[in-house]
Amino acid sequence: MKPIKKLAMLDLNGTVIKSRRDDGFVTTRDEWTWEDGAPEALQLLANNGWMMAVVTNQPAEHRFPNVTHQRMEYLMGYVRGAMEEVAQSSIPFFVCYHDVKHSCSCRKPHPGALRRAFNYFCPGGGLTTERDEWDVWMVGDKLSDIEAGESFGANVCGVNSTPLASLGGFQYRYRPTLLDAVKDILLCDRSPNEDLH
Ligand SMILES: [Mg+2]
Ligand SMILES: [Zn+2]
């Protein structure tokens, strides 16, 4: 039996990092800090053979006149570096820099960026054809993360201190923090004793 390949797709803001600003946006390297337990969660995933990718909507350049695309790209690179340093693992970022009005296919709840993330690890593949070989999760704090994950066909886990299930009548798994979510995902792991690295 082929080993299961494991990929955790993570939302960024409100899941891995939190804003120091009142409006919740992060536009500079000084405006964020880790969500509680997030570094440990990244280490836990890496140490248990999980590949990781970040799938995030970052529309700030369309919302604030002083925020440029370059600045957001720099920020994403900086946060990626910080995540990779704590996890000691490569964590590619798949960023939608568009805003709602652009009607792109990569802005969650659309699954375009999740598909790109999956194809980075599995070129040309989709979850319908690769279902037996891949265990893929999408974890995020918003309903749009859950919808994107479900739309792509991944397992989904919400991260929120209040029941996301109350939003839109959806029923799905949610945990208070990313670390709780990751511990839960590891319990569901179909190949707990295999180290793929
Ligand atoms: Mg979020
Ligand atoms: Zn987009």
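A nonpolar core is a set of buried Ala, Val, Leu, Ile, Met, Phe, Trp, Tyr and Cys residues joined through C-beta atoms within 7 Å. The legends below describe close-up views of a predicted model.

**View 1. The largest nonpolar core and the surroundings of Met9.** The largest core of this kind comprises 49 residues. Ala8, Met9 and Leu114 are the residues with the most contacts inside it. When neighbours within four places in sequence are left aside, the contacts of Met9 are Ala53, Val55, Leu114, Ala117, Val136, Trp137, Met138 and Ala154.

**View 2. The open parallel sheet.** Six strands form an open sheet in the order S5-S4-S1-S6-S7-S8, and their pairing is parallel. The edge positions are taken by strand S5 (93–96) and strand S8 (174–175); each has a single partner strand, so one side of each is left without a neighbour in the sheet. Strands of a sheet pair through backbone hydrogen bonds, either parallel or antiparallel. S1 and S4 run parallel and are joined by 4 bridges. Leu10 has Val54 in S4 standing opposite. Helix H7 packs on the sheet, where it touches S1, strand S6 (134–140), strand S7 (155–159) and S8. The direction of H7 makes about 150° with that of S7.

**View 3. Helix H1 and its covering elements.** Helix H1 spans residues 38–47, and its buried residues are Ala38, Ala41, Leu42, Leu45 and Ala46. Seen down the axis of H1, these residues fall within an arc of 130°, so they line one face of the helix. The elements that cover them include strand S1 (5–10), strand S3 (32–34) and strand S4 (51–57), together with helix H3 (69–87) and helix H7 (178–188).

**View 4. Helix H4 and its packing partners.** In helix H4 (residues 112–121), the buried residues are Ala113, Leu114, Arg115, Ala117 and Phe118. Their packing partners are S1, S4, S5, S6 and helix H6 (143–152). Leu114 and Ala117 of this set are also among the contacts of Met9.

View 5. The buried residues of H6 are Asp145, Ile146, Ala148, Gly149 and Phe152. They line one face of the helix, because they fall within an arc of 165° when seen down the axis of H6. H4, helix H5 (127–130), S6 and S7 are the elements against which they pack.

**View 6. The loop between S5 and H4.** Pro109 is placed in the loop between S5 and H4. The peptide bond leading from Lys108 to Pro109 is cis, with omega near 20°. Ser103 also lies in the loop between S5 and H4. Although Ser103 is not a glycine, its phi is positive, at about 50°. Ser103 counts as exposed because it has 9 C-beta neighbours inside 10 Å, the limit for an exposed residue being 12 or fewer.

**View 7. Gln88 in the loop between H3 and S5.** Gln88 is located in the loop that links H3 and S5. This residue is not a glycine, yet its phi is positive, at about 55°. Gln88 has 10 C-beta neighbours inside 10 Å and therefore counts as exposed.

Terms used. Residues are numbered from 1 along each chain as its sequence is written. Chains are lettered from A and ligands numbered from 1 in the order in which they are written. This is a predicted model: local features need pLDDT of at least 70, side-chain atom pairs count only at pLDDT 80 or more; totals for chains, interfaces and linings use all residues. A residue is buried if 20 or more other C-beta atoms lie within 10 Å of its own, exposed if 12 or fewer, and partly exposed in between; C-beta atoms are placed from the backbone. Helices (H or I, at least four residues) and strands (E, at least two) are DSSP runs, numbered from the N terminus. The arc is that of the directions from the helix axis to the C-beta atoms. Two residues are in contact if their C-beta atoms, placed from the backbone, lie within 7 Å. Two strands pair if DSSP finds at least two bridges between them. Axes are lines fitted to C-alpha atoms, for helices over the stretch in contact, and angles run from 0 to 180 degrees between N-to-C directions.
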